[in-house]
Amino acid sequence: KQQRSILPGQTIDRRIEDVRTIYNSPDPIQAASLLSRYDVQYIYVGPLEQLYYDPNGLAKFDQPSDLWSLVYQNDQVKIYQVH
C-alpha cells in the first residue's frame, strides 16, 4: 500500500485479495481469469509463496494445463509462463 499510495485503498485491497485467490484457489479457471485481468505473463512460486499460500492452491500450477507451463525450476523456485 505504501508504494501505491496514489491509488485508493479499495483498489489495493482488491488486488491483494486477487493475488491470494490466484495462489490459494485450487480452481485453475478462476486463477486464469484473474491472471488475464491483470495481464500476468509469469507466475513465481518460491519459498515465500510456499509459506504463505495453500499447498492445494499451489498444486494446480503443476497439473497439466493449457493455461500455463513451467519455464524454470530449481530446488526452491518454479516459474510458470501464462498462455
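## The sheet

Strands β2 and β3 run antiparallel, and five bridges join them. This is a predicted model. The two strands belong to an open sheet of three strands, in the order β1-β3-β2, with antiparallel pairing. At the edges stand β1 and β2, each of which pairs on one side only. On average, neighbouring strands of this sheet are turned by 25° against each other, direction ignored.

Trp68 stands opposite Val82 in β3. A helix also comes into the picture. Helix α2 lies across β1, β2 and β3. Its direction is at about 80° to β2.

## Salt bridges in the helices

The model has four salt bridges. Take Glu17 and Arg20 to begin with. Their side chains meet in a salt bridge, with a N to O distance of 3.3 Å. Both residues sit in helix α1, which covers residues 9–24. They are three residues apart there, so about one helical turn separates them. Glu17 is partly exposed, at 41% relative accessibility. Arg20 is also partly exposed, at 39%.

Next comes Asp18. This residue forms a salt bridge with Arg37, and the closest N and O atoms are 3.2 Å apart. Asp18 lies in helix α1, while Arg37 lies in helix α2 (residues 28–37), so the pair ties together parts that are 19 residues apart in sequence. Is Asp18 buried or exposed? Asp18 has 9% relative accessibility, so it counts as buried, because buried means under 20%. Arg37 is partly exposed, with a relative accessible area of 45%.

## A salt bridge from strand to loop

Lys78 forms a salt bridge with Asp62. Their closest N and O atoms are 3.2 Å apart. Which parts of the chain does this pair tie together? Lys78 lies in strand β3 (residues 78–82). Asp62 lies in the loop between α4 (55–58) and β2 (68–73). The parts tied together are therefore 16 residues apart in sequence. Lys78 is partly exposed, at 24% relative accessibility. Asp62 is partly exposed too, at 42%.

His83 lies in the segment after β3. It is exposed, with a relative accessible area of 59%, because exposed means over 50%. Which residues does His83 contact, leaving aside its neighbours within four places in sequence? They are Asp66, Leu67, Trp68 and Ser69. With Ser69 there is a polar contact, side chain to side chain, at 2.9 Å.

Ser65 gives another reference point. The C-alpha atoms of His83 and Ser65 are separated by 9.7 Å. Along the chain, the two residues are 18 residues apart.

## Asp39 in its loop

Asp39 lies in the loop between α2 and β1 (42–45). At 57% relative accessibility, Asp39 counts as exposed. How far apart are the C-alpha atoms of Asp39 and Val82? They are separated by 9.2 Å, although the residues are 43 residues apart along the chain.

Terms used: Residues are numbered from 1 along each chain as its sequence is written. This is a predicted model: local features need pLDDT of at least 70, side-chain atom pairs count only at pLDDT 80 or more; totals for chains, interfaces and linings use all residues. Side-chain values use heavy atoms; hydrogens and water are left out. Helices (H or I, at least four residues) and strands (E, at least two) are DSSP runs, numbered from the N terminus. Buried means under 20% relative accessible area, exposed over 50%, partly exposed in between (1.4 Å probe, protein chains only). Contact means heavy atoms within 4.5 Å. A polar contact is a pair of N or O atoms within 3.5 Å; within protein, one must be able to donate a hydrogen and the other to accept it, and residues adjacent in sequence count only if both atoms are side-chain atoms. Two strands pair if DSSP finds at least two bridges between them. Axes are lines fitted to C-alpha atoms, for helices over the stretch in contact, and angles run from 0 to 180 degrees between N-to-C directions.
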